[in-house]
Amino acid sequence: MQGACQLNHKLLCLSEQLILLDFSGRKWKFQRKIKPDYFYDEDYKFFLRDLALFLIDNLGPITEDHLCMKIARLHGFSKTGRKIKETILSSINRYRAPKNAANGDRIFWPDNINPSTFIAFRGIH
């Protein structure tokens, strides 16, 4: 399964392993395997937390909806419903809080970026 991120990144999911590429040649690997059958298991929330933080820190700033959509697609879900979104967000709510944008979107920012110093980001239409 392949999914493309906006701008200069590409996500690849090969043999259940996530690889994030940018077009300057840098590559980051998320070292754990994606297991769609375990998505709703309580123990899998630790995996979802780590995956969400990995995506936020490497693709962010990113809207809450866009983050949830990417994680859902990586797990093979064709839609991102309320239950999927709640599962993902509950896994990270103690680790990263989104900021509210003027248009009502909730935005997750990478750990090393101050929201006041960065403008363009993924997920805002």
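**Reading a core, its charges and its rings**

Trainee: Which residues of the largest nonpolar core touch the most other members?

Mentor: Of its 23 residues, Phe-39, Leu-55, Ile-56, Leu-67, Ile-71, Ile-92 and Phe-108 touch the most other members. A nonpolar core here is a set of buried Ala, Val, Leu, Ile, Met, Phe, Trp, Tyr and Cys residues joined through side-chain atoms within 4.5 Å. Buried means under 20% relative accessible area, exposed over 50%, and partly exposed in between, with a 1.4 Å probe and protein chains only. Bear in mind that this is a predicted model: local features need pLDDT of at least 70, and side-chain atom pairs count only at pLDDT 80 or more, while totals for chains, interfaces and linings use all residues. Residues are numbered from 1 along each chain as its sequence is written, and side-chain values use heavy atoms, with hydrogens and water left out.

Trainee: Which helices supply at least two residues of this core?

Mentor: Helices α1 (45-59), α2 (64-74) and α3 (82-92) each do. The largest share, nine residues, comes from α1. Helices (H or I, at least four residues) and strands (E, at least two) are DSSP runs, numbered from the N terminus.

Trainee: Say I click on Leu-67. What does Leu-67 touch, not counting residues up to four places away in sequence?

Mentor: Contact means heavy atoms within 4.5 Å. By that rule Leu-67 touches Ala-52, Leu-55, Ile-56, Ile-62, Ile-92 and Phe-108.

Trainee: On to the sheet. In what order do the three strands of the open sheet run?

Mentor: Two strands pair if DSSP finds at least two bridges between them. Here the order is β5-β7-β6, with antiparallel pairing. The edges are β5 (62-63) and β6 (99-100), each pairing on one side only. Between β5 and β7 (residues 106-108) there are two bridges, and Thr-63 stands opposite Ile-107 in β7.

Trainee: Which peptide bond is cis, and with what omega?

Mentor: As a rule, most peptide bonds are trans. In this model the bond from Gly-60 to Pro-61 is cis, with omega near 5°. Look for Pro-61 in the loop between α1 and β5.

Trainee: Now charges. How many salt bridges does a search of the whole structure find?

Mentor: Side chains of opposite charge can pair when their charged atoms come close. The cut-off is a side-chain nitrogen of Lys or Arg within 4 Å of a carboxyl oxygen of Asp or Glu. The search finds six. One of them joins Arg-96 and Asp-57, with the closest N and O atoms 2.8 Å apart. That pair links distant parts of the chain: Arg-96 is in the loop between α3 and β6, Asp-57 is in helix α1, and they are 39 residues apart.

Trainee: Is Arg-96 buried or exposed?

Mentor: Arg-96 counts as buried, at 12% relative accessibility.

Trainee: Which residue forms a salt bridge with Glu-64?

Mentor: Lys-85 does, with the closest N and O atoms 3.5 Å apart. This pair also links distant parts of the chain, Lys-85 in α3 and Glu-64 in α2, 21 residues apart. Glu-64 is buried at 9% relative accessibility, and Lys-85 is partly exposed at 23%. Zoom out and you'll find Glu-64, Asp-65, Lys-85 and Arg-106 linked in a network of salt bridges.

Trainee: Last topic, rings. How many aromatic pairs does the count come to?

Mentor: A pair of aromatic rings is described by the distance of the centres and the angle of the planes. Rings of Phe, Tyr and Trp (its six-membered ring) pair if their centres lie within 6.5 Å; planes under 30 degrees apart count as stacked, over 60 as edge-to-face and the rest as tilted. The count is four. Phe-39 and Phe-77 have centres 5.0 Å apart and planes at 75°, so they are edge-to-face. Phe-39 lies in the loop between β4 (27-33) and α1, and Phe-77 in the loop between α2 and α3, 38 residues apart.

Trainee: Why is the pair of Tyr-44 and Phe-47 described as stacked?

Mentor: Because their planes are at 20°, with the centres 4.6 Å apart. Both Tyr-44 and Phe-47 are buried.

Trainee: Which residue lies over the face of Tyr-40?

Mentor: A charge sits over a ring if NZ of Lys or CZ of Arg is within 6 Å of the ring centre and within 35 degrees of the ring normal. Over Tyr-40 you find Lys-83, at 4.6 Å from the ring centre. Tyr-40 also belongs to a cluster that ring pairs form with Phe-39 and Phe-77.
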